[in-house]
Amino acid sequence: METPYTLRHFKLALAAFFGALGGGTLAFAFALNESALEAFYRATVTVSLTGIDTKPQSAGGEVITIVLILAGMAIYGYLASSVVELIAHGVLTGAMAERRRRRMIERTKDHYIICGYGRVGRQVADEFRDANVPFVVLDFNPEVIEIARERGVPYIDGSGTKDDDLAEAGLDRARGLVASADSDVDNLYITVSARSERPDLTIVARASTEDAASKMLRAGADRVVQPYASAGQEIAKLMLKPQVAAFLDIVSRHGGPDLRFEEIEITSACPQAGRTIRETRVRHETGALIVALKKADGSFDTTPDPDAELGVDDVLIAVGTKDELKALEELFAPSAGGEAVAG
């Protein structure tokens with residue numbers, strides 16, 4: 001990159017300007033026997049090309065004046081070209097963009113932090129962006145940072161293993177954290193650091209081995225994903241159970257935008273709390289289908305009975321189109337004064 005060289009030009013131009021100003025002040029003081037203030041004033045109006053109000057009374061003063069005027073012209077031309085180069089190379093505009101980026105991150109809340117913007121991290125970011133979910137990327141690899149910059153992704157140049165960098169990414173305001181670095185050791189440190197600062201934070205970590213996954217769970221990760229194991233399971237599923245795989249593709253984003261999953265948490269203000277699934281008439285009223293029910297005690301009912309009662313803090317897992325799921329959220333929306341909770 002030519003930016004450091006261009007910035008050096010700008011610094012040299014400033015140094016030359018102040019050098020000419022100081023040299024002119026000393027020269028006028030000795031040649032014209034003027035006070036320091038008078039000499040500095042004469043040097044300033046001469047170098048700045050604004051002109052002088054009195055003509056020097058000696059030939060030496062005139063020579064100094066001519067030299068300073070020519071030096072001022074050269075310096076201003078050099079300084080102007082340096083400023084143009086700085087703008088052309090994006091130094092000034094980049095600095096402003098950097099300030100805007102940091103201000104945006106400082107205002108972001110209820111977001112997700114992606115620690116590691118490699119292949120896995122970029123896929124997570126793409127999913128978050130498609131879901132219109134705020135997130136911040138934290139990585140220190142220059143090539144990865146350049147990718148994030150090109151994609152317009154909010155990022156922090158740092159490491160998730162450092163508490164200060166996590167804080168800069170808004171850990172205290174975050175909704176969740178993804179430890180997706182390429183190193184199991186780094187992901188373990190990230191998990192430990194984030195959990196110690198935020199006991200209530202949802203943390204999903206990446207691991208390459210079963211041993212690393214178990215350590216991350218003990219360190220405080222809520223869920224651990226093993227990409228290699230998941231890929232193997234997916235390949236086997238495609239071979240052994242192709243119709244099941246086809247169905248799961250249909251209800252996932254990769255199979256098309258028609259069907260998707262949603263989770264609805266039952267709050268005390270929800271009008272459907274205390275009613276059975278049959279009484280809510282979800283299928284009739286919204287078109288969505290309830291496929292699972294997570295009870296408040298953490299147990300999962302993957303084939304919920306129509307007469308199952310919906311209690312406070314239960315979570316419904318439903319599948320449907322975008323419009324059907326929107327109608328479902330409205331059906332379970334809390335009464336006035338309550339707070340809606342949807343996944």
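This passage walks through the main features of the structure shown above.

The model is predicted, so local features are described where pLDDT is at least 70 and side-chain atom pairs count only at pLDDT 80 or more, while totals for chains, interfaces and linings use all residues. Residues are numbered from 1 along each chain as its sequence is written, and side-chain values use heavy atoms, with hydrogens and water left out.

Helices (H or I, at least four residues) and strands (E, at least two) are DSSP runs, numbered from the N terminus.

With S1, S2 pairs in the parallel sense over 4 bridges, and Ile113 stands opposite Val136. Right-handed here means that, with the strands pointing away from the viewer, the path from the first strand over the helix to the second runs clockwise. S2 pairs with strand S3 (residues 155–157) as well, in the parallel sense and over 3 bridges; Leu138 has Ile156 as its bridge partner in S3. Together, S2, helix H6 (residues 142–150) and S3 make a right-handed β-α-β unit.

In soluble globular proteins, nonpolar side chains tend to be buried together. A nonpolar core is defined as a set of buried Ala, Val, Leu, Ile, Met, Phe, Trp, Tyr and Cys residues joined through side-chain atoms within 4.5 Å. The largest such core holds 23 residues, and those touching the most other members are Ile113, Cys115, Leu171, Leu177, Leu201, Met216 and Val224. Another core, of 15 residues, lies apart from it, and its members include Leu316, Ala318, Leu328 and Phe332.

Cys115 is buried, with a relative accessible area of 1%. Contact means heavy atoms within 4.5 Å, and Cys115 touches, among others, Leu138, Leu166, Leu177 and Ile190, leaving aside residues up to four places away in sequence. Cys270 is also buried, at 5% relative accessibility. With a disulfide taken as a pair of cysteine sulfur atoms within 2.5 Å, the count comes to 0.

Elsewhere, 4 strands form an open sheet in the order S7-S10-S8-S9, with antiparallel pairing. Strand S7 (260–265) and strand S9 (300–301) are the edge strands, each pairing on one side only. Strand S8 (residues 289–294) joins S9 over 2 bridges, and Leu293 has Asp301 as its bridge partner. Helix H14 (residues 322–331) lies across S7 and strand S10 (315–320), running at about 5° to S7. Axes are lines fitted to C-alpha atoms, for helices over the stretch in contact, and angles run from 0 to 180 degrees between N-to-C directions.

Key: Buried < 20%, exposed > 50% of the residue type's maximum accessible area, 1.4 Å probe, protein only. Pairing = 2+ DSSP bridges.
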